[in-house]
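Student: Could you zoom in on one part of this model for me and walk me through it slowly? I'd like to see how you read it.

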2 protein chains.
Amino acid sequence: MSLAIGIDLGGTNLRAGALRAEGGALEASHRELIGEDRAAGALVDRIAGVVERLAGSAAGGGPGANDAPVPVGIGVAAMLRDPRGTVARSPHLGWRDVPFGRLMRERLGPRFAVGVYNDVNAVTWGEAVAGAARGCRDVLAVYVGTGIGGGVIAGGALLDGATCCAGEIGHVKVRWDDSAAPCNCGGRGCVEAYVGGSYLDRRIRREVAAERARTQAIRIAGAPDRVNAAHVDQAAAEGDEWALALWRELAPMLAVTLANALAVLNSERLVLGGGLLSRTPTLVSMVDSALRIVAPPPILEPLTVAMAELGDDAGVVGAARLAAAGTAVAGP
Amino acid sequence: MSLAIGIDLGGTNLRAGALRAEGGALEASHRELIGEDRAAGALVDRIAGVVERLAGSAAGGGPGANDAPVPVGIGVAAMLRDPRGTVARSPHLGWRDVPFGRLMRERLGPRFAVGVYNDVNAVTWGEAVAGAARGCRDVLAVYVGTGIGGGVIAGGALLDGATCCAGEIGHVKVRWDDSAAPCNCGGRGCVEAYVGGSYLDRRIRREVAAERARTQAIRIAGAPDRVNAAHVDQAAAEGDEWALALWRELAPMLAVTLANALAVLNSERLVLGGGLLSRTPTLVSMVDSALRIVAPPPILEPLTVAMAELGDDAGVVGAARLAAAGTAVAGP
């Protein structure tokens, strides 16, 4: 594989890396805060600058006039409208109907071939080519951080869906009665509205503040207003009643969400990751146990569950490898 | 397209057809009851006889010694173990670990190329090539009859999953509290245990017998012990309270099941069919309405819902077309 460049444009960080080998090792990498100016034009310029620097500094130098275009894959925290990289909306970037792929291609020109992907899809592909799902053809990856996102690989190919929205597992409904929790998406009863980090953190703060919880988590955190999901997880591991009750309520919700998706997908590997799950091993273990009860046996038979391995590099690696696989398009 | 033969080996009927055109029109077709003798050897012989007759009677006659093998696709009501057509288990046929694909290839020899598929996958493929999902690349098909089965087409290809078990939507959980209904699969709270025909018919009989229901459905059916789901559906359409209450309980369960699968798959076409849904238009309409409330808007945007069009021919057409597409393997 020759040089490929990956970009991970998240809600906070712009990460980038140059990749040459088949694996996941980055030959050069870069990270900067996105900051306040999130106008598409400004970000396109900044990303292009990063790409050009990485292409120049990577061993062998940048592409010459006669070389094949360098693949550039960009994973973006957005809902895409089409495979050309039009962003339908990105709450994180404040974008709506931005022809991001076209703008990047115009700015980078014919020396580079640009592919734009949903960031969770890029992360999923990264884990599949070089991480926790290496060698697997059927993969479900679920990331629980502030929100909940998912990516699917079916028969060796990334599942895009009809409008590049496949893998919206955070908005799977786990409750549909009148008391189902409202979700930022406008719906109710989404699993994200129970297990997603931003909702869960608020609930933890509220319950701790209301002193319904004389919980070990407060001792572990040092102060009531510092308690987060990681402290709750440690308290649950120590047998704290409130923490265990909370995890016992949430673990089946996430487990059923996973089991129901797996019943449809029949994946061989379930990859779990994200800022919340990577800091809550007790919760993960309870989700895993519940999954083995609720998933149909023929679905469980081929399945292994693994934590994501590539961490913050997954999106960069995955986007670069997707672009290198020929899905990127050169600029004018 | 040259001659291809499709077989649909269900729980009751053995259907077969010869297909030559690209569409779904059968040039010859055949149906017989499977009957009591369901031993694999006996059925392999009977199917081979049907195949040979169809190949001989189809315009142009059977294949000669120098012709390419005739594709034979067989959809079977079974859980498969591998793409070669080993049946892991089929409750309908009473089979367990039967090398059905190998037996068919040995029996039919090199003049035929045999592909074995899950029957619901074959039906789904039939609707996609010649029925309600013509031209669609991302399809979810859900059939509610005695049980509930599903098939998925993702990016234009049938989704097999890791062990040919993808689409097990009947065993998606819609309840996971202590009172979740037991399902024949050994699990609890499966949507099939609420909406699947065999469970629903039992419940209808029970509630009608208990005279909890002074329902119009009894008048429509002619007698209390004749009330089935179609009568309940008509009663619901007439505003019958008991019938409406039952449909209002079940419709959201099926709608949430569909919405949650679609949130992961982002399909452009949802095909609904099966013996129960084809006779319950009021229920279908209530499921459709509920789906539009619970599915995330970006998932609804590209989606159209359609009833299955090919009826009993879908499995024969789909199996033939799958085999003709090159997934079939010639015998020794």
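Tutor: Let's start with Val129(A), which sits in helix H3 (residues 119-130) of chain A. Helices here are DSSP runs of H or I with at least four residues, strands are runs of E with at least two, and both are numbered from the N terminus. Keep in mind that this is a predicted model: local features need pLDDT of at least 70, side-chain atom pairs count only at pLDDT 80 or more, and totals for chains, interfaces and linings use all residues. Residues are numbered from 1 along each chain as its sequence is written, while chains are lettered from A and ligands numbered from 1 in the order in which they are written.

Val129(A) counts as buried because it has 23 C-beta neighbours inside 10 Å. (Buried takes 20 or more other C-beta atoms within 10 Å, exposed 12 or fewer, and partly exposed is in between, with C-beta atoms placed from the backbone.) Setting aside neighbours within four places in sequence, Val129(A) is in contact with Gly318(A) and Arg321(A); contact means C-beta atoms, placed from the backbone, within 7 Å. Pro71(A) is 58 residues from Val129(A) in sequence, and their C-alpha atoms are 16 Å apart.

Now hop over to chain B and its helix H5 (residues 197-209). H5(B) has 13 residues and spans 18 Å from first C-alpha to last, close to the 18 Å expected at 1.5 Å a residue (that's 1.5 Å times one less than the number of residues). Its buried residues are Gly197(B), Tyr199(B), Leu200(B), Ile204(B) and Val208(B). Look down the axis of H5(B) and these fall within an arc of 160°, so they line one face of the helix; the arc is taken from the directions running from the helix axis to the C-beta atoms. What do they pack against? Strand E9 (139-144) and helices H4 (192-195), H6 (216-221) and H7 (229-237) of chain B. Arg202(B), Arg206(B) and Ala209(B), on the other side of H5(B), are exposed. After H5(B) comes Glu211(B), with a positive phi near 50°.

Finally, the two chains touch each other, with 40 residues from chain A and 40 residues from chain B in the contact. On the chain A side, E10 (148-154), H8 (241-265) and H10 (297-300) each supply at least two residues, and H8(A) gives the most, eight residues. Because 100% of chain A's interface residues are also interface residues in chain B, the copies meet through the same surface.
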